[in-house]
Amino acid sequence: MSHDDVSTRAGTGRRWHPAWTVAAVTLGALVAAAAFRSSTGALLEPIESEFGWSRATTSGAVSLNLVLYGLVAPFAAALMERWGVRRIVAAALLSIALASAATTVMTAPWQLWLLWGLVIGVGTGSMALVFGAIVANRWFHARRGLVMGIFSAANATGQLVFLPAIAWTAGHHGWRAAAYITVGLALVMATLVWFFLHDHPTARGLLPYGAAEGYAVDAPSHGAGESPVGAAFRVLRRASGTWAFWALLLTFWVCGWSTNGLIQTHFIPAAHDHGMPQTTAAWLLALVGIFDIAGTIASGWLTDRVDSRWLLAIYYGGRGLSLLAIDAVLAPGIEPGMWVFIVFYGLDWVATVPPTVALCRQHFGVADSGVVFGWVFASHMVGAGIGASVAGWLRTTTGSYSSAWILAAVLCFISVALALSIRRTSPRNPALGA
């Protein structure tokens with residue numbers, strides 16, 4: 001891998017490093033992307049009522065959105081490496097704005113699938129956590145794990161901040177007015193990204209935040225003439241020859257299964273099976289998102305200080321134990337044990353992201369780690385889809401979710417062993433720091 005030594009003179013004496021401005025804009029874009037994804041749930045019923053479309057029609061468009069959100073990540077990372085983060089993210093935000101505006105004049109289901117499913121799916125996928133990982137790896141040497149933890153929490157933040165406003169607007173002024181909130185937010189963030197999101201600190205004659213003189217900056221390892229798709233598959237071929245890649249892929253697959261696939265999809269109906277009102281269960285699930293913010297930021301802080309393999313082992317082990325206990329705490333009312341489950345699962349929800357990103361960087365270098373994490377993130381969404389389907393099938397065939405909880409717990413315990421099986425590495429140069 002090639003490296004370029006960069007002078008620190010441009011950053012000497014700065015009290016405010018531009019990395020923090022870049023991080024703030026990145027956080028805003030991630031929050032906005034989360035708001036776009038969460039808005040679909042608030043708009044489904046109004047759209048169905050107006051057009052007479054079935055839930056299968058509308059949910060199919062949402063499913064396409066989720067699949068593309070995961071699968072586009074590695075290719076978006078390669079595009080960012082080739083054409084620049086600013087260009088790709090600004091283009092993604094503009095495409096989301098145009099697609100959201102176009103939904104207000106749609107008349108047929110295929111248009112919903114095209115706009116919500118394809119265009120917005122690709123757009124939000126281009127701003128998935130791989131975007132945050134690339135920014136954190138390029139702009140931060142110190143506090144890298146903490147910054148990635150903050151980026152990871154953006155998903156919950158976007159839902160908490162914008163979903164109530166979108167739902168209220170849809171209920172009082174119609175779903176089209178709510179869609180225009182997405183349009184306006186996307187256009188504002190596209191403007192901020194274009195003017196303030198610089199691709200790399202070297203473009204401004206700077207070193208990453210916290211880097212000392214003599215720091216070696218990784219240069220992209222693919223050739224200038226290589227296509228982004230070719231680069232994504234080239235990195236996949238290289239990474240797939242290592243056990244670290246497969247261990248990270250499998251553990252994040254289980255992460256998606258046990259969060260988005262199982263709890264996010266089936267917690268409310270499972271609670272209702274035990275006599276809990278759906279509104280109460282939905283409120284509890286919203287609390288998971290609140291605790292997710294604190295848990296993910298804390299995980300980022302720990303990632304800067306603790307072996308990431310052990311963090312993953314603790315997170316998956318604790319998640320497995322909580323899944324074994326969920327049947328005992330589900331009841332018509334909110335029992336004390338349910339509070340323990342909600343708090344713990346919230347803290348643990350995406351706490352796995354910062355250490356997973358750190359291990360991708362340590363094993364595959366800064367230049368390729370964004371694309372590697374893109375493939376790992378894609379496995380997360382595939383795991384979520386499979387987990388949701390398997391849990392639904394088990395509920396249908398057995399009449400309860402008990403076996404679904406146990407299966408997910410077993411997978412989490414297997415992930416403990418997988419995390420600890422990853423070889424520990426020593427950074428080969430400061431650019432690959434832990």
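Val 410 lies in helix α15; helices (H or I, at least four residues) are DSSP runs numbered from the N terminus. The model is predicted, so that local features need pLDDT of at least 70 and side-chain atom pairs count only at pLDDT 80 or more, while totals for chains, interfaces and linings use all residues. Residues are numbered from 1 along each chain as its sequence is written, and side-chain values use heavy atoms, with hydrogens and water left out.

**View 1. Val 410 and the nonpolar surface patch.** Val 410 is partly exposed, with a relative accessible area of 41%; buried means under 20%, exposed over 50%, and partly exposed in between (1.4 Å probe, protein chains only). Together with Leu 321, Leu 324, Ile 406, Phe 413 and Ile 414, Val 410 forms a nonpolar patch on the surface, with about 540 Å² of accessible area together. Accessible areas come from the Shrake-Rupley method with a 1.4 Å probe. Such a patch is made of residues with over 30% relative accessible area and no salt bridge, and its nonpolar side chains (Val, Leu, Ile, Met, Phe, Trp, Tyr) are joined within 5 Å. A salt bridge is a side-chain nitrogen of Lys or Arg within 4 Å of a carboxyl oxygen of Asp or Glu. Helices α12 (308-329) and α15 (402-420) each supply at least two residues of the patch, and α15 gives the most, with four.

**View 2. The largest cavity.** The structure holds two cavities of 30 Å³ or more; a cavity is a set of points on a 1 Å grid where a 1.4 Å probe fits but cannot get out, and lining residues have an atom within 4 Å of a point. About 100 Å³ of space lies in the largest cavity, a volume being the space filled by probe spheres set on the points. Its lining has 13 residues, of which Ser 39, Ser 100, Trp 116, Ile 120 and Thr 182 lie nearest the centre. Two or more lining residues come from each of α1 (18-51), α4 (85-103), α5 (109-125) and α8 (175-196). Helix α1 provides the largest share, five residues. By class, the lining holds eight nonpolar, five polar and no charged residues.

**View 3. The second largest cavity.** This cavity has a volume of about 30 Å³. Its lining consists of Arg 144, Gly 145, Met 148, Thr 303, Pro 354, Val 357, Ala 358 and Arg 361. Helices α7 (144-173) and α14 (353-398) give two or more residues each, and the largest share, four residues, comes from α14. Four lining residues are nonpolar, two polar and two charged.

How values were computed:
1 Å grid on protein atoms, 1.4 Å probe; cavity = no way out; pocket = protein on both sides within 12 Å on 5 of 7 lines; lining within 4 Å. Nonpolar A, V, L, I, M, F, W, Y, C, P; charged D, E, K, R; others polar. Patch = residues over 30% accessible without salt bridge, like charges linked within 9 Å, V, L, I, M, F, W, Y side chains within 5 Å.
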